[in-house]
Amino acid sequence: MAPLPQRLLSRLDRASGVVAPVDVGANQPALRAWAAERGWSVQRTPPVPGQRDWLWCPERRGELGQLPADQTGALILCGADLLLDATDWSAALPQLSAGQHEATLAYSGGWPAALPLAARLPDDPAPHLHPLATALLWPLLPPEPLLASAARLAVSTLITPATAARLNVPRADLDALHGGGWLWPDPHGWTFPEPLRRFLAPHPDPHDARQAAQALADTHPDAALDTLAHAALWEEHLTLLARVARAGQGEASLRAALRRLPEPWRAAPPALYLAGLLARAAHDPPHAETLYTRALSGPLDAPLRATVHNARGVVRALQGDTDAALRDFGRAAQGQGVTAGEAGYNRATLLVQLGRHAEAERSLQGAVAAFREAGDLTREAQSLETLGALHFGRGLLREALGPYRRALLLFTPDHPHDAALTHLNLAECHVYLGELTQVAHHLDGAARLHEQHPSAQTFGWLRRVQAVMALQTGDPAQALTLLGHIQHGDRSLQAEAALLRARAHRELGQPGAAQAALRDASPLGLRAELEGALLSGDLDPVITAARHEEARLELVTALLSRAHADDLTEALDLIRTHGYLSLLGSRAAAPLASLAQDPATRALFPLRIQTLGPLRFTHAGRQVQLGDFPTRKSAALLVALALSDHPQSRETLADRFWPGAKNPLASLQTAVYHLRATFGVPVVGTERGLLHLLFPVISDLAELRRALRSQDLTGLAELLRPLTAPLSVLPDLPAELGEERAQAERLLHDALRVHASAQPDTDVRRRDALRILIAADPLDTDSREDLIRWHELHGEHDLAESERAHLRETRAALGLG
């Protein structure tokens with residue numbers, strides 16, 4: 001009798017009852033002997049509720065449903081629990097040598113019923129063919145009605161519903177063989193114990209073996225290979241092995257696959273290809289190329305020939321023979337399916353390294369199509385990501401959006417990490433395009449995916465794009481704070497973060513810290529070289545390299561910094577052509593505004609005015625506050641023109657702002673000159689006695705008016721969110737702009753009223769909105785009454801009474817009693 005596995009004994013000792021496995025040959029006699037030795041009842045029927053110390057030996061798996069629900073301490077065993085490991089096997093066969101132990105265990109898989117065969121035939125490589133096997137294994141066979149189906153199934157090393165159907169085995173027979181324990185459960189289907197399988201099918205029928213292998217090839221190639229090898233179908237075995245083998249699976253696996261082949265088959269072209277994979281895995285590209293070439297000189301079917309061309313292209317590329325590698329990749333890409341996709345992708349990668357970007361784009365598009373045709377969604381999406389990255393690297397941001405968006409659709413929802421990174425790629429494109437709403441959308445998408453599927457790597461890339469955004473909006477200190485949160489060891493991420501730190505330190509006027517950070521960014525090539533050139537001022541080599549690599553974003557940045565007259569013209573053309581609107585908000589872009597001579601170009605440089613709170617203008621990377629103007633009246637003149645919806649008469653403006661001057665028109669002209677000096681470019685034009693702004697205006701008041709008209713409550717809340725009480729409009733120029741202030745204050749009051757009314761009655765946000773409204777207009781008695789009701793609703797009676805006192809004072813001041 002075979003011993004019980006040592007690992008099982010402690011589990012048995014803790015059990016209040018044991019269900020023996022149904023699986024054939026799982027050493028049930030040893031279990032019965034163990035139970036009898038302890039005085040347990042050994043029974044063919046299920047235990048009754050509350051019973052203890054029992055061993056139940058069911059005959060079929062379906063009986064397990066009869067186990068009483070209260071038997072929670074029972075140990076339910078399966079056949080795998082009774083398999084013997086190397087230590088158990090050796091202990092059960094002490095008379096055998098170490099080599100015999102290893103060989104017999106490998107043959108049997110630790111199946112206890114194989115111990116007698118191993119003891120009697122330790123040196124027989126095929127003991128299932130020996131007459132002794134009939135005597136030992138015949139009692140374990142299924143009954144006669146199931147025997148033919150079992151023999152057909154036994155040609156396959158793994159049995160699935162698909163293999164059973166291909167072998168014409170009725171589903172009822174499959175269920176009976178499983179239910180009776182002859183078929184053991186496997187993570188992917190079912191298997192016979194290996195000695196029993198070999199005994200059932202000692203000479204596998206070639207047709208049946210082919211059918212089973214075909215059913216397994218796509219989903220379980222290892223089982224298909226084993227099935228073909230056991231049937232000695234070496235040609236089919238080699239063809240499948242060549243299709244699924246990869247150099248990346250490692251030397252040991254490839255050596256084992258080659259050792260398995262009979263000697264005459266090792267010279268076949270597919271075997272030469274496998275030997276080439278092994279040579280590449282062993283870091284011997286020259287010999288790999290030789291073997292691939294020998295394989296291609298022999299007969300290969302079209303798919304395998306394409307695979308070998310692709311593999312030879314890889315080793316030729318590794319050796320620097322780019323022309324030959326491109327020829328191989330081109331031949332492989334002419335096929336179909338996954339191999340064509342891989343070859344197209346490899347060819348594109350090599351073409352990018354050679355600077356042949358247009359060809360690389362076409363090759364990547366071919367790879368995308370091939371992977372799509374093959375149904376390989378993941379690699380289709382990855383190829384689209386690479387295509388987007390190729391466009392981005394060339395500064396073709398709008399062209400990059402399409403592939404990135406298609407990749408995002410494919411990655412969602414099954415690949416959340418990849419989807420988050422694609423969101424970030426899209427966000428970065430929109431950053432440079434100046435499309436901040438889209439930036440926020442994709443950053444939010446990445447953040448949501450990170451919350452659902454946390455990853456330190458995703459978090460790091462999220463912080464990196466947020467830092468890019470901070471730098472583009474002129475906040476290098478915030479960028480450094482964000483970059484300080486990146487902890488993941490991804491080398492690419494660390495290099496990208498180092499580059500951004502170098503830029504942030506440079507913009508903060510810290511060249512030493514910038515130079516130190518830049519050392520860790522060297523793997524990024526031209527982009528790191530550009531940052532170094534911006535520090536040193538030697539931009540000529542970088543501009544030459546950027547032109548050669550078609551790196552348009554880097555070229556524009558370098559041209560803006562060198563700032564020769566021709567540089568600025570070229571930079572503006574590139575910005576206008578490719579939509580790099582965010583660059584127009586940087587300090588380096590200020591000189592470009594002087595080149596804007598037509599309405600379309602001037603539209604790229606809007607004049608932004610903030611009237612709520614301290615007065616502030618932003619134009620072409622410059623921020624101008626009241627103190628930056630030579631005179632208060634020149635600032636007031638600009639505000640008046642900016643807030644007016646039509647040109648204004650020179651005489652009217654002169655009389656309004658300089659009523660006591662000897663020559664009001666001369667004073668007006670001086671103010672216009674002052675504005676030009678302040679902004680570095682002419683901002684006011686004159687035509688037929690009328691003054692108008694040369695650049696379009698974006699004002700917070702206009703945005704507030706649009707939100708109010710459309711009842712955009714979210715937009716209103718966003719516009720009012722940064723403001724704190726007391727709110728005021730144009731507080732810096734109360735005397736000069738009385739008319740504009742009165743109109744703006746009415747607009748602000750209406751906006752605050754709508755915002756306050758939109759807040760839930762019981763929410764603290766309603767209280768805060770009412771306080772801001774009252775601070776902006778202390779005579780607003782209706783808002784004061786609403787605030788009193790809010791305090792009373794929350795039981796804050798002292799605060800309510802205080803507001804009542806203020807209300808009485810206000811009503812008295814208004815003469816309302």
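In the predicted model, helix α27 (residues 476-483) packs against helix α28 (residues 491-507) at an angle of about 150°, and their axes lie 9 Å apart. Axes are lines fitted to C-alpha atoms, for helices over the stretch in contact, and angles run from 0 to 180 degrees between N-to-C directions. Helices (H or I, at least four residues) and strands (E, at least two) are DSSP runs, numbered from the N terminus. α27 and α28 are therefore roughly antiparallel to each other; angles under 35 degrees count as roughly parallel, over 145 as roughly antiparallel, 65 to 115 as roughly perpendicular and the rest as oblique. α27 and α28 cross in a left-handed manner, a term used if the near helix is turned anticlockwise from the far one by less than a right angle, with right-handed used if clockwise. Pro476, Leu480 and Leu483 of α27 form the contact with Ala497, Leu500, Arg501, Ala504, His505 and Glu507 of α28, where contact means heavy atoms within 4.5 Å. This contact of α27 with α28 comprises 6 nonpolar, 1 polar and 2 charged residues. In this classification Ala, Val, Leu, Ile, Met, Phe, Trp, Tyr, Cys and Pro count as nonpolar, Asp, Glu, Lys and Arg as charged, and the others, Gly among them, as polar.

Residues are numbered from 1 along each chain as its sequence is written. Local features need pLDDT of at least 70 and side-chain atom pairs count only at pLDDT 80 or more, while totals for chains, interfaces and linings use all residues; side-chain values use heavy atoms, with hydrogens and water left out.

Helix α28 also packs against helix α26 (residues 456-472), at an angle of about 25° and with the axes 10 Å apart. That makes α26 roughly parallel to α28. This crossing of α26 and α28 is left-handed. On the α26 side, the contact involves Gln457, Gly460, Trp461, Arg464, Ala467, Val468, Leu471 and Gln472, and on the α28 side Ser492, Leu493, Glu496, Leu500, Arg503, Ala504 and Glu507. By class, the contact of α26 with α28 has 7 nonpolar, 4 polar and 4 charged residues.

A further pair consists of helix α31 (residues 540-549) and helix α32 (residues 552-562), packed at an angle of about 150° with axes 9 Å apart. α31 and α32 are therefore roughly antiparallel, and their crossing is left-handed. Asp540, Ile543, Ala546 and Arg547 of α31 meet Leu555, Ala558, Leu559 and Arg562 of α32. The contact of α31 with α32 has 5 nonpolar, no polar and 3 charged residues.

The second largest pocket holds about 640 Å³ of space. Of its 29 lining residues, Gly25, Asn27, Gln28, Pro29 and Leu140 are the closest to its centre. At least two lining residues come from each of α2 (28-37) and α6 (115-120), and α2 gives the largest share, 3 residues. The lining of the second largest pocket has 21 nonpolar, 4 polar and 4 charged residues.

Two backbone features were also noted. Asparagine 27 has phi near 60°, a positive value in a residue other than glycine; asparagine 27 is placed in the loop between β1 (17-19) and α2. The peptide bond from threonine 412 to proline 413 is cis, with omega near 5°, and proline 413 lies in the loop between α23 (397-411) and α24 (416-433).

Terms used
On a 1 Å grid over the protein atoms alone, a cavity is a set of points where a 1.4 Å probe fits but cannot get out, and a pocket is an open set with protein on both sides within 12 Å along at least five of seven lines; lining residues have an atom within 4 Å of a point. Grid points are joined across faces, edges and corners, and a volume is the space filled by probe spheres set on the points.
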